[in-house]
Amino acid sequence: MKGQLERADNSILKAENDKIRCSNIALREALKNIMCPNCGSMRIGDDPYLDEQQLHLENAHLKEELDRVSSIAAKYIGRPVSQFSTTQSSHISLIELSLGSFGGQIIPSPSLGGFGSHGITGSSLELDILSGTSSSVPPTMEIQPGSTINDMDKTLMAEIAANAMNDLVKLLQATEPLWTKSATDGRDTLNYENYLMLSPRAMKKPNARTEASRDSGVVAMNSLLLVDMFMDAGKWLETFSPIVSAAKTIQVLTAGVSGSLSGTLRLMYEELQVLSPLVPTREFVFLRYCQQTEKGSWVIVDVSCDFANGNRHVLPQSRRLPSGCLIEDMSNGISKVSWVEHVEIQDDSQADHLYGDLIKSGYAFGAERWLATLQRMCERYASLTVSGTNIHDLDGVIPTFDGKANMMKLSQRMVSNFCATVSTSTNSQQCTTLAGSNESQVRLTVRKTATDPGQPNGLVLCAATSIWLPVSPQNAFNFLRDVSMRPQWDVLSKGGAVQEVAHISCGSHPGNYISILRASDPSQNNMVILQECCIDSWGSLIVYSPVEIPEINMAVSGGDPSCIPLLPSGFMISPDGRSEIAHLSEASSTSSSRHSSMTKSSGSLITIGFQILAGSSPVAKLDMESVTTVNNLIGMTIHQIKAALDCPDS
C-alpha cells in the first residue's frame with residue numbers, strides 16, 4: 001500500500017511538473033516580447049540563470065494567486081474549486097495569466113453590494129493582458145450567443161470593478177500633484193507618473209495614447225433618476241445620442257441589493273462618436289458598477305473588460321480605464337455630478353486632419369462634453385413641466401400638456417436619427433456606404449426603411465460631410481438658427497421667407513428650443529418644418545425635418561407621434577481645438593451660477609447632413625441622378641453659407 005501511494009504521489013508530482021514546465025514555456029515566450037512601458041524598447045542583457053530563477057518565483061506567485069482566487073470562489077459560490085470541471089479549470093489558468101495585483105486595501109465587493117464591512121482585504125485583481133494588447137482575447141473568454149458567464153468569471157469581474165471604483169474615487173477627490181491645471185486651456189490634466197504610483201499595475205501599453213479629463217457641475221435631476229438613466233442602456237443611448245451611437249447591456253452580472261441599483265454590476269457595450277463622417281468611432285466592452293456610498297450619494301464606474309460581445313467579435317482599439325462619476329443629491333431635486341473620463345487609445349491615426357487638434361487634445365470625448373450634454377438634456381426633461389409653448393397660428397390647434405410632450409418626443413427622435421445618419425457607426429442602422437467624392441469628402445449611405453414606422457417607406461439616401469469655417473461656433477450657430485437668415489442658405493426654401501409659428505423652450509439658454517417653421521412657398525402649403533436647436537459649452541446642433549400639417553396637428557392635439565415619418569437634416573457645430581483660455585458663459589446651457597472656463601476657438605468645425613427619399617419602394621434601385629442631387633444639395637448649401645458669412649469658398 002505504501003508503494004502504491006508513493007507511485008500515485010509520483011504521478012501527481014509528474015503532472016504538476018508538466019504543468020509548471022508548460023507555464024515556464026509560456027512565461028519564457030511572454031518575456032521575449034516584454035517591452036519597457038516608458039520607452040517601448042525591448043529588454044536587453046538577459047541572464048538565463050536569473051530568468052530561470054524569476055520564472056520559479058513567478059510560478060510560486062501564480063500558485064498563490066490560484067489558491068487565493070479558489071478560496072474566494074469557494075466562498076461566494078458555496079462549493080470548493082475541485083468541483084469545477086476540467087474545462088473551467090483550464091479557463092481559469094488562461095485568466096490567471098492576465099491578473100495583476102495592487103497593494104493590500106479594503107475594497108467594496110459588488111458580489112455583496114456593500115462598502116467597508118463587506119470589503120475584501122488583500123491584493124486586488126485587474127484584467128490586463130501581459131502581451132500589451134487588448135485585442136488578443138482568448139477564445140474561451142468570448143461570450144457566445146445565448147451563453148452565460150460562469151461563476152468564477154463573475155467573481156473575477158466583480159473584483160476588477162471594485163478595484164476600478166477605488167481608483168475612480170481617488171481620481172475624483174485628488175488634487176495636485178495628481179491633477180494639475182493646464183496652462184493652455186485651464187482643464188484638469190492628469191499626471192500619469194503619479195497615477196502609476198497610485199495604481200502600480202496600470203501599465204501603459206506600447207504605442208498607446210491616454211486621454212484623461214475631469215469636470216464637475218450641477219445637473220437638474222435627482223440622483224435616483226440619474227442612476228436609473230446611467231444603468232439603463234436605452235436611456236443612456238437616448239440621453240447621450242450625440243456621443244453614443246450604440247449601446248447595450250450584454251449581461252447583468254450582479255443584481256442590486258433589496259431592489260435597489262446599489263451593487264449592480266453589468267457587462268456592457270458602447271460605441272462613441274464625434275458627429276462627423278471623417279472621424280472613426282470608438283468601441284468599448286466594459287463593466288459598469290454602481291454603488292451607493294451614503295444617502296443621496298452614488299458612484300458609477302466603468303472599466304474595460306476584454307470579452308467579446310455576442311456574435312460580433314468586438315476587439316476594440318480603445319480601452320476604458322477607471323472612469324465614471326460621483327452623483328450627490330442637493331436641494332430642490334438637483335444634483336452635483338463630478339465626472340472623470342480616462343481612456344487608452346491604441347490607434348486613432350485615421351482621424352481626419354480637420355478634427356486632429358480636437359481629438360488629440362482629448363476634448364472630443366472628454367468629461368466636459370459628457371457633462372455638458374447631461375446638463376442640457378436634464379434641463380430639457382425639466383422644461384416639460386414649465387409652461388412656455390407658444391403657437392401663433394397652426395390651423396387653430398391649441399396645444400395641451402400631452403401635445404407639448406409629444407412635440408418633444410418627436411423632436412428627440414428626429415435629433416437621434418440625425419446623429420445616427422452623420423456618424424460613421426455601422427451599429428445604429430443597417431446601411432450601405434457608397435464611395436464619395438475625394439474632393440468633397442462626402443460620405444454617402446443608402447438604407448431601406450420598409451419596416452420602420454418612424455420613417456417614410458422606400459430607399460433613403462444620406463449624405464454627410466464636414467467643413468471648417470473661420471468663424472466662432474457661437475456666431476455660426478446664431479446664423480444658422482436665425483429664421484430671417486434661413487433663405488440665404490436653405491436651397492429648398494428657394495429664397496422665400498420663413499415664419500416661426502411655434503416655439504417650445506427646452507432649457508434656460510435661449511438657444512435651446514423646438515420650433516415649427518412655415519415657408520411662404522405656395523407649393524409647400526401642406527408642409528411645415530419641425531426644427532430643434534440646442535447648444536451647450538461644447539457645441540451645438542440644428543436639426544430639422546419636413547412634416548405634413550395634419551400629422552403635426554395630430555401630435556399637438558395629444559395623438560401618438562411615433563408613426564410620424566421623419567427624414568431629418570441639419571448641422572453639428574463644434575470648436576476646432578485650436579484654443580486659448582476664454583470665459584464664454586453665453587455658450588453654456590447651464591444655469592447662470594455655473595461659470596467654467598471654455599475654449600475660444602479660432603474657427604468652427606461644421607458637419608452637414610442631408611437625407612432624401614431616393615425611391616418610394618424598398619426594392620427600388622439607386623440611380624446616379626439621386627446621388628448627383630444630394631451631392632449638389634450639400635455643395636450649394638456650403639457655398640451659400642460661406643457666401644453669407646463672407647468666408648473664402650475654397
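**The whole chain**

Begin with everything shown, and keep in mind that this is a predicted model. The protein has 13 helices and 26 strands. Of its 650 residues, 51% count as buried. Among contacts between residues at least 6 apart in sequence, 69% join residues at least 24 apart.

**Stop 1: the largest nonpolar core**

Select L226, V337, W339, L374 and L541 and show their side chains. These are the residues with the most contacts inside the largest nonpolar core, which has 72 residues. Which helix gives the most to this core? Helix α10, residues 401-422, does, with eight residues. Now color domain 1 (151-384) and domain 2 (390-578 + 601-645) separately: both give residues to this core, so it lies between them.

Keep V337 selected and look at what surrounds it. Setting aside residues up to four places away in sequence, V337 touches D215, S216, G217, V219, L226, C325, L326, I327, L371 and L374. To find a second, separate core, select F477, F479, W489 and I638; they are among its 38 residues.

**Stop 2**

Is α10 largely enclosed or open? Since 17 of its 22 residues are buried, α10 is largely enclosed by the rest of the structure.

Next, select helix α9, residues 367-382. Its end C-alpha atoms are 22 Å apart, which agrees with the 22 Å that 16 residues should span at 1.5 Å a residue. Helix α9 is mostly covered too, with 14 of its 16 residues buried.

**Stop 3: a chain of charges**

Side chains of opposite charge can pair when their charged atoms come close.

Select E270 and R320 together. They form a salt bridge, with the closest N and O atoms 2.9 Å apart. E270 lies in strand β9 and R320 in strand β12 (residues 318-320), so the pair ties together parts that are 50 residues apart in sequence. Both E270 and R320 are buried.

Like R320, E341 is buried.

For another pair, move to R486 and D490. Their salt bridge has its closest N and O atoms 3.0 Å apart, and both residues are buried.

**Stop 4: a buried threonine in a loop**

Select T264, which sits in the loop between β8 (244-254) and β9 (265-272). Is T264 buried or exposed? It is buried, with a relative accessible area of 2%. Show its side chain and look for the backbone oxygen of L261, which the side chain of T264 reaches at 2.8 Å. Apart from its neighbours within four places in sequence, T264 is in contact with M231, T254, A255, G256, R288, Y289 and C290.

**Stop 5**

Most residues other than glycine have a negative phi. Which way does the phi of N332 go, positive or negative? It is positive, at about 60°, although N332 is not a glycine. You will find N332 in the loop between β13 (323-329) and β14 (335-345). At a relative accessible area of 76%, N332 is exposed.

Finish at D646, in the segment after α13 (624-644). D646 also has a positive phi of about 60° without being a glycine. With 70% relative accessibility, D646 counts as exposed.

Definitions and conventions:
Residues numbered from 1 in each chain as written. Predicted model: local features only at pLDDT ≥ 70, side-chain atom pairs only at ≥ 80, totals over all residues. Heavy atoms only, no water. Core = buried A, V, L, I, M, F, W, Y, C linked by side-chain atoms within 4.5 Å. Buried < 20%, exposed > 50% of the residue type's maximum accessible area, 1.4 Å probe, protein only. Helix = DSSP H or I, 4+ residues; strand = E, 2+ residues; numbered from the N terminus. Domains from an automatic or database assignment. Contact = heavy atoms within 4.5 Å. Polar contact = N/O pair within 3.5 Å; in protein donor to acceptor, adjacent residues only side chain to side chain. Salt bridge = Lys/Arg side-chain N within 4 Å of Asp/Glu carboxyl O. Expected span 1.5 Å × (residues − 1).
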